[in-house]
Amino acid sequence: MDGKPRSDETPETQSPASEAGEASSTDFPEDREAASDGEVTRLQTELEAARRRVNELARAYQDLNKDREEFKQRLTRERERMIDVERGNVAGTLLEAIDELDLALGSSQQDTSPLAQGVRMIRDSLLAKAQATGIERLQVVGRPYDPNVAEAADMEITPVPEDDQKVVAEFRAGYRLKDRVIRPARVKVARYVAPAQA
């Protein structure tokens, strides 16, 4: 026993220090499972955060797209309104010409003369062109007076109670473009006054 290891010693009988070194160099299955569980948890957390971010971005995109569509519709409505305003301004000039032709026809002594017939044809042609652009003449005579479509320029007293506040005459025609009155009619309105008792 000189302290030298004997040749008949097997690896199983080697020193405990060498066994501890071997055990530390190999991983145990429990350690691997714990490390993989922590990695899975971390990846699941990152995946959930990424999903939330994608959902936020998708909602923001949908809101942006909705705002863009609403803006386009608002712009289209505004453009149509501006076109209608300009059409109404142009129509005002045309309607004044029609009014002057109506005055000429009203003051004509001979309604069947060739000049009166020519003026009537021009007037009807201008009126047809105005109506083709969406302008329509207001029908107010015989109807209750409506200050939204007509201006009361004169009043006529009537003994008939049913005729109170009805339009009895039109001095100047009124016109509408779509839902907007571009020129109110100028009218005479009846007012009921009870007959004096004798």
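**Surface patch, cores and hairpin of the predicted model**

Ile 157 is exposed, with a relative accessible area of 56%. Exposed means over 50% relative accessible area, buried under 20%, and partly exposed in between, with a 1.4 Å probe and protein chains only. The structure is a predicted model, in which local features need pLDDT of at least 70, side-chain atom pairs count only at pLDDT 80 or more, and totals for chains, interfaces and linings use all residues. Residues are numbered from 1 along each chain as its sequence is written, and side-chain values use heavy atoms, with hydrogens and water left out.

Ile 157 belongs to strand E2 (residues 150-158). Helices (H or I, at least four residues) and strands (E, at least two) are DSSP runs, numbered from the N terminus. Together with Met 155 and Val 193, Ile 157 forms a nonpolar patch on the surface. The three residues have about 280 Å² of accessible area together. Accessible areas come from the Shrake-Rupley method with a 1.4 Å probe, and for residues only the protein chains shown count as cover. Patch members have over 30% relative accessible area and no salt bridge; like charges are joined within 9 Å, and nonpolar side chains (Val, Leu, Ile, Met, Phe, Trp, Tyr) within 5 Å. A salt bridge is a side-chain nitrogen of Lys or Arg within 4 Å of a carboxyl oxygen of Asp or Glu.

The protein chain has three helices and six strands. Their order from the N terminus is α-α-α-β-β-β-β-β-β. Of the 198 residues, 16% are buried. The chain exposes about 15300 Å², and 54% of this comes from carbon and sulfur atoms. Contact means heavy atoms within 4.5 Å. Among contacts between residues at least 6 apart in sequence, 64% join residues at least 24 apart.

In soluble globular proteins, nonpolar side chains tend to be buried together. A nonpolar core is a set of buried Ala, Val, Leu, Ile, Met, Phe, Trp, Tyr and Cys residues joined through side-chain atoms within 4.5 Å. The largest nonpolar core here has nine residues: Ala 91, Leu 95, Ile 98, Leu 127, Ala 130, Ile 135, Ala 173, Tyr 175 and Leu 177. At least two residues of this core come from each of helix H2 (29-107), helix H3 (114-132) and strand E4 (175-177). H2 gives the most, with three residues. A second, separate core has eight residues, including Leu 138, Val 140, Val 167 and Ala 185. Ala 173 touches Ala 185, as well as Arg 137, Arg 183 and Pro 184, not counting residues up to four places away in sequence.

Asp 84 is found in H2. Asp 84 counts as buried because its relative accessibility is 14%. Its contacts, leaving aside neighbours within four places in sequence, are Leu 177, Lys 178 and Arg 180. Leu 177 stands opposite Arg 180 in E5. E4 and strand E5 (residues 180-183) run antiparallel and are joined by three bridges. Two strands pair if DSSP finds at least two bridges between them. E4 and E5 form a hairpin with two residues between them.

Most residues other than glycine have a negative phi. Lys 178, in the turn of the hairpin, has a positive phi of about 55 degrees. Gln 165 is not a glycine, yet has a positive phi of about 65 degrees. Gln 165 lies in the loop between E2 and strand E3 (167-172). Gln 165 is partly exposed, with a relative accessible area of 38%.
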